[in-house]
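Me: I'm new to this one. Can you walk me through some helix packing?

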4 protein chains.
Amino acid sequence: MADIFIHLESDYNNGAHPVVLRHLCETNDERTQSYGDDHFSLQAKNLIRQACQQLQAEVWFLAGGTQTNATILDCILQPYEGVLCADTAHINVHEAGAVEFTGHKVIALPSHEGKLSCNDLSLWLRSYFADETAEHMVRPGVVYITFPTEMGTLYTADELRALHRLCLDYQLKLYVDGARLAYGLAASEDVTLPLLSELADAFYIGGTKCGALCGEAVVFPHGNVPAHMLSRIKRHGALLAKSRVVGVQFEALFSDGFYFSMGKSAVHLAMRLRRLFVEHLGYAPFIDSPTNQQFYIIPNKDLPTLRRYIGFEVWCPVDADYTACRFVTSWATTDAEIDQLEEIFK
Amino acid sequence: MADIFIHLESDYNNGAHPVVLRHLCETNDERTQSYGDDHFSLQAKNLIRQACQQLQAEVWFLAGGTQTNATILDCILQPYEGVLCADTAHINVHEAGAVEFTGHKVIALPSHEGKLSCNDLSLWLRSYFADETAEHMVRPGVVYITFPTEMGTLYTADELRALHRLCLDYQLKLYVDGARLAYGLAASEDVTLPLLSELADAFYIGGTKCGALCGEAVVFPHGNVPAHMLSRIKRHGALLAKSRVVGVQFEALFSDGFYFSMGKSAVHLAMRLRRLFVEHLGYAPFIDSPTNQQFYIIPNKDLPTLRRYIGFEVWCPVDADYTACRFVTSWATTDAEIDQLEEIFK
Amino acid sequence: MADIFIHLESDYNNGAHPVVLRHLCETNDERTQSYGDDHFSLQAKNLIRQACQQLQAEVWFLAGGTQTNATILDCILQPYEGVLCADTAHINVHEAGAVEFTGHKVIALPSHEGKLSCNDLSLWLRSYFADETAEHMVRPGVVYITFPTEMGTLYTADELRALHRLCLDYQLKLYVDGARLAYGLAASEDVTLPLLSELADAFYIGGTKCGALCGEAVVFPHGNVPAHMLSRIKRHGALLAKSRVVGVQFEALFSDGFYFSMGKSAVHLAMRLRRLFVEHLGYAPFIDSPTNQQFYIIPNKDLPTLRRYIGFEVWCPVDADYTACRFVTSWATTDAEIDQLEEIFK
Amino acid sequence: MADIFIHLESDYNNGAHPVVLRHLCETNDERTQSYGDDHFSLQAKNLIRQACQQLQAEVWFLAGGTQTNATILDCILQPYEGVLCADTAHINVHEAGAVEFTGHKVIALPSHEGKLSCNDLSLWLRSYFADETAEHMVRPGVVYITFPTEMGTLYTADELRALHRLCLDYQLKLYVDGARLAYGLAASEDVTLPLLSELADAFYIGGTKCGALCGEAVVFPHGNVPAHMLSRIKRHGALLAKSRVVGVQFEALFSDGFYFSMGKSAVHLAMRLRRLFVEHLGYAPFIDSPTNQQFYIIPNKDLPTLRRYIGFEVWCPVDADYTACRFVTSWATTDAEIDQLEEIFK
């Protein structure tokens, strides 16, 4: 068993899912239009519209997550508006100030296991709009959430509906960062892509972390795309000349429900891992995540053994004897790998 | 012969060169680091350093051309500086204001078949630095040129050396946009990658138009990369999580001199096309381009026949009877295709 | 006569017109609201509305000209739009890239003695909107002109109407930089403040160069001010806490037609200077300016004598023997000063 | 006594201090250079250098506070850096996102009666620099504090020295917003202008709230002004053509120690008010402020009586029966006014 080593460091250190790669190969020789007008991209957009159950949806393909957040938020915010989010939000912490680079304030509210609470948001909004000096402050324009969150947690359908209603009340837009959307939808009990499409003003369907080599699909489910979107995207340096490279991949991802089955597989393996860690090894979850990112409180004395067989990330120290660690399954994790871990650790 | 149709519309409406695609497939299953630290990217960087004959060069992989120009120019310009270029320069015309979006003025000088003349530049600089109000004007920081230009033309080694010397004299940086660099190097009589690396402060080696699915390689040949480059790139939304997607492709492109032979093939076919058009069909060149972009003055009466067999772009009307058209070969064009055109048109 | 020296270097090297200063003193002790809600500002806005004959006009007070251009253009442009102007326009040459700092391209067209020609503009617009790649280019959003121009010249009413019509045809906004508006209106034969207010979407009435210590009045004559203007202005750092400092001055400037009579006086003196230079000294005008900025071609041999009695600016060399020089009258120039020049030079 | 009404709403709803206004009048007729090269500005800069005991200091005059913060922070930050401050900081709350407009993140830490604690800052910095993902986060570049704070409180000399040392340790710059500096220096037991000049990398001396019509003086005490500062300031729209309007006022403010005596007078009156409110009326301070901004917890039943005689601002509700209110003295408040209040309320 000495040469077993299972990679659970992250969901973006593989190439593409074989299904995606195969489609890139099959379509490679065909000549197409550029800048998103190729028939692969058009077909991928149709498949996404159908999956969202919003036939009027507008879909755009971009290369990466930070780019997508910064570009789309800048496009849907008025120049004087800011974006509200949890303080753990990717745009607030790990995007090197890309949103601020476009001139907008990120307004961070307290987070609850990665989630923005409707209550906190409601209090903040009431306070902002009651403030006589509000015109001297950054006006809120968009609420940004991640699904699943950076902590692997999920909003329930009711929580999403409540956020949506609050946004309507205050004329804010709801934007969902779906970098790991496949895993979120697979794990959720009541949130579906059609529901998300109904409630969000814009969101993106993650490709990079969900089986593609690169690429994210931005959806304006109600067709409410800002005017001159191609110019806007190009101005942000985010328009791919050979945009089909993303279109082809999303055509594969959204054929035959593949995006969803791939997500389910990763979540299934995450749950197997969870049983192993919690029931057999007695580790406590650091965060109670139902998705492909799993966080456990590991006794420091166990770390060397774990490190021998598993690649994972240290999240943060808990106390002198325990460390929180993150274990991430993906489309590339296999049942056989979890079998091996069970053999070793049971 | 009815079903012959040769695509010469552009060099970015195919997938990837088979050699590149094969390498993507071969490497797909390997787990690697992210954000450019994977060993494919490291190896690709080494191959590029060797090809440039600058072992201290710093190399970064980005997704597309406009993104690269806007990001890198913003990184090497001081905030109060602008970028000088020919008025036909891609950054001045066809990037939707992406450079201005980062806060910098594009200062356009007259172009000569797509080229910036050292004389015009020298006059402008002398005039700027003699102007008592210069501090109220945008200070020049970088000279931007394309190699080959948007018109397919090339600077000679002497012209590049003169621009370089002028930049030194005025403490400006020289930046070269090499979106089609493979074709430029293949066609040039005296400009080599090592020479470019010696003279430029930064340049990029085009992938998207030169055989890759996507991606450009930015080179700081003298190792003079600005501090905290990863943060700067991420702030522009230009850092790919799975950056290896570009690294793998450049590893293929720079193995065994492939980038150069691929460029030579496309230029060879462009020259065959040129002989057909000029010597046999008697068309006058609209611009005298030695590279893969060819421009001819076509009698309008010939357009329908040409359109039957060739995909190409109308560039601009010349007069009532003639139209300038662009024909672009690429790595995807074959000798057999030009053979067929010769058969039809000779 | 040895100690006579007349300052004609510029119109912004004095303090304020005594009428303006007196009003600052008279009103100094009164307590008021801040941020533009003081009654002096409100009254000044009313006076401006009346002078413009546009009672629904919105008026805002800012501190200086470059700030005003950059702030207001950014507010009325869509993010992906640029501003069209003559290549000699202040925003293109002498504002250190302040417009580009806000993310917008300045698109410079040829100038004709400082003016943008309707013909050039029309050709450019036709060409832009016919271009199939237009979405990859910066979309025009605003036409910027100066009245009077940087060369002291004036658009006629017909020229303004033609520009206005062209803007309507192409759904562009017309913005007028009136840094020296008092002198322009005084010199024009047919352009009045009401006409300007009818034709422009936004313009500013210059204070700094027209009798104030500082300050410019921005007018949206048709009440078409962008939403949340106070927030927008503050975001640009252009909101004065004690905004009344500008309001009080404009109250003085727009009481009893003072702004217009002050302009007329400076233009009258410029015309006396012109007669002296052209008719008596035989100098040729470098530009035929009817306003307070006068440009003459001076024999180099005469420069020392002129310099003994007059402060002025060298504009540019004409040839080996002649130099173009600028002489500027202002509200601070007096009939007595021109009398003295006549005595010396006649 | 019916017509007594004392204005304590703010320190920027008057004109200028008579001493300042007089100097504007005295100097009005003199012709000077523009853009800060006039001899009034040069003399004012010298006076400020002497008051700071830093003869190599560089001084620039800008029009207002938000403009100054946004412009100077953008000039001293690297593009990828953010600014650390207390969450109550003016730049975080009441500048409409002007710092973010320039592309920089404002990183807010907890505040303690308006102050940033050295301990919080130290913890944050240690955590940031220990974070393996730091390069994906906004790098801290400047620590921003206000002196006095928005709550009227003051850092002690020891606290400033500790912040300074921490900045040195982490190679951060220390920037002090001195919008109300006159009142802060007057109230502090141990912080002097020379001490501030020794510890800060840049700060501004407030004019608008401290006796001027408008204008702030930016000081780089160690001469460490960024290159091409005039171009940088102009690019931000912050360069006044007739910059002398601020220079003249600061010449008056810094002659004969006037800035300091004016501050002392306002603080003296604030302390008289405090005794009246605390000792005679029994109101508890809401915040223990030693400067010209005073905050008290007022029983709601007393509000009508107070409102009859005093103009003040409601700060926030405390509970059902009490409201926190702000009372601001300034150079315009007089001993006679406080005498009258004492007569009424004692």
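This is a predicted model: local features need pLDDT of at least 70, side-chain atom pairs count only at pLDDT 80 or more; totals for chains, interfaces and linings use all residues.

Me: Which residues of α2(C) and α11(C) make the contact?

Reply: From α2(C) come C:Phe40, C:Ser41, C:Gln43, C:Ala44, C:Leu47 and C:Ile48. From α11(C) come C:Arg244, C:Gly247, C:Val248, C:Phe250 and C:Glu251.

Me: How do they split by class, for the contact of α2(C) with α11(C)?

Reply: There are 6 nonpolar, 3 polar and 2 charged residues.

Me: And at what angle do the two pack?

Reply: About 45°, and the axes are 8 Å apart. Here α2 covers residues 39–52 of chain C, and α11 covers residues 244–253. The two helices are therefore oblique to each other.

Me: Switching to chain D. What is the angle between α1 and α11 there?

Reply: About 130°. Their axes lie 9 Å apart. α1 is residues 18–26 of chain D, and α11 is residues 244–253.

Me: Left-handed or right-handed, the crossing of α1(D) and α11(D)?

Reply: Right-handed.

Me: Which residues meet in α1(D) and α11(D)?

Reply: D:Val19, D:Val20, D:His23 and D:Leu24 sit on the α1(D) side. They meet D:Val248, D:Gln249, D:Glu251, D:Ala252 and D:Leu253 in α11(D). By class, this contact has 6 nonpolar, 2 polar and 1 charged residues.

Note on methods
Residues are numbered from 1 along each chain as its sequence is written. Chains are lettered from A and ligands numbered from 1 in the order in which they are written. Axes are lines fitted to C-alpha atoms, for helices over the stretch in contact, and angles run from 0 to 180 degrees between N-to-C directions. Helices (H or I, at least four residues) and strands (E, at least two) are DSSP runs, numbered from the N terminus. A crossing is left-handed if the near helix is turned anticlockwise from the far one by less than a right angle, and right-handed if clockwise. Two residues are in contact if their C-beta atoms, placed from the backbone, lie within 7 Å. Ala, Val, Leu, Ile, Met, Phe, Trp, Tyr, Cys and Pro count as nonpolar, Asp, Glu, Lys and Arg as charged, and the others, Gly among them, as polar. Angles under 35 degrees count as roughly parallel, over 145 as roughly antiparallel, 65 to 115 as roughly perpendicular and the rest as oblique.
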